[in-house]
Amino acid sequence: MDEQGMRARIQQLIEHQHMNRQSFAEHIGVSPASLSQILNDKQKPTLAIVIAITNRFPALRYDWLPVSYTHLRGHETRHDLVCRLLLE
């Protein structure tokens, strides 16, 4: 998934939770400014943001990003894959 797709998914999650950006940022434990920079295409989505979201929304841990399993390496979980792709 590209950065724009990830931004769109984060925005969808915010809307699904009936939150605004500030309350969502506070809920996941990141600064509203950091989240705003990501959603406004001024900064790439970071591993810290993904971890913060998946920690607060564990049901989304493996399903919130539509990443193909064909990219999985033999030892990786889907969570590992998401983290690796974010860092590439």
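Helix 2 crosses helix 3 in a right-handed way. (A crossing counts as right-handed when the near helix is turned clockwise from the far one by less than a right angle, and as left-handed when the turn is anticlockwise.) What you're looking at is a predicted model, where local features need pLDDT of at least 70 and side-chain atom pairs count only at pLDDT 80 or more, while totals for chains, interfaces and linings use all residues. Residues are numbered from 1 along each chain as its sequence is written, and side-chain values use heavy atoms, with hydrogens and water left out.

## The overall picture

The chain holds five helices and zero strands, and reading from the N terminus the order is α-α-α-α-α. Helices (H or I, at least four residues) and strands (E, at least two) are DSSP runs, numbered from the N terminus. Of the 88 residues in the chain, 35% are buried. Here buried means under 20% relative accessible area, exposed means over 50%, and partly exposed is in between, using a 1.4 Å probe and protein chains only.

How much of the contact in the chain joins residues at least 24 apart, counting contacts between residues at least 6 apart in sequence? That share is 48%, with contact meaning heavy atoms within 4.5 Å.

## Two helix pairs

Back to that opening crossing. Helix 2 covers residues 21–28, and its axis comes within 8 Å of the axis of helix 3, crossing at roughly 120°. Axes are lines fitted to C-alpha atoms, for helices over the stretch in contact, and angles run from 0 to 180 degrees between N-to-C directions. Helix 2 and helix 3 are therefore oblique to each other. On this scale, under 35 degrees is roughly parallel, over 145 roughly antiparallel, 65 to 115 roughly perpendicular, and the rest oblique.

Which residues do the meeting in helix 2 and helix 3? From helix 2 come Arg21, Gln22, Phe24 and Ala25, and from helix 3 come Pro32, Leu35, Ser36 and Leu39. Sorted by class, this contact of helix 2 with helix 3 has five nonpolar, two polar and one charged residues. (Ala, Val, Leu, Ile, Met, Phe, Trp, Tyr, Cys and Pro count as nonpolar, Asp, Glu, Lys and Arg as charged, and the others, Gly among them, as polar.)

Helix 3 also packs with helix 1, at an angle of about 125° and with the two axes 9 Å apart. That makes helix 1 oblique to helix 3. On the helix 1 side the contact uses Arg7, Ile10, Gln11 and Ile14, and on the helix 3 side Leu35, Ile38 and Leu39. The class tally for helix 1 with helix 3 is five nonpolar, one polar and one charged residues.

## Arginine 7 and its partner

Arginine 7 sits in helix 1. Setting aside neighbours within four places in sequence, arginine 7 touches Ile38, Leu39, Asp41, Gln43, Lys44 and Pro45. Side chains of opposite charge can pair when their charged atoms come close. With which residue does arginine 7 form a salt bridge? The partner is aspartate 41, at 3.1 Å from N to O. A salt bridge is a side-chain nitrogen of Lys or Arg within 4 Å of a carboxyl oxygen of Asp or Glu, and by that rule the count is one.

Aspartate 41 is in the loop between helix 3 (32–39) and helix 4 (47–56), while arginine 7 belongs to helix 1 (residues 3–16), so the pair ties together parts that are 34 residues apart in sequence. Asparagine 40 lies in that loop between helix 3 and helix 4 as well. The C-alpha atoms of asparagine 40 and arginine 7 are 8.6 Å apart, though 33 residues separate them along the chain.

## A few residues to look up

Here is how some individual residues score for accessibility.

| Residue | Relative accessible area | Class |
|---|---|---|
| Arginine 7 | 6% | buried |
| Phenylalanine 57 | 10% | buried |
| Asparagine 40 | 39% | partly exposed |
| Aspartate 41 | 47% | partly exposed |
| Histidine 18 | 75% | exposed |

Histidine 18, in the loop between helix 1 and helix 2, has a positive phi of about 55° despite not being a glycine. Aspartate 41 also isn't a glycine, and its phi is positive at about 65°.

Finally, there's phenylalanine 57, in the loop between helix 4 and helix 5 (78–87). Beyond its neighbours within four places in sequence, phenylalanine 57 contacts Leu13, Gln17, Phe24, His27 and Ile28. Take leucine 13: it is 44 residues from phenylalanine 57 in sequence, with 9.8 Å between their C-alpha atoms.
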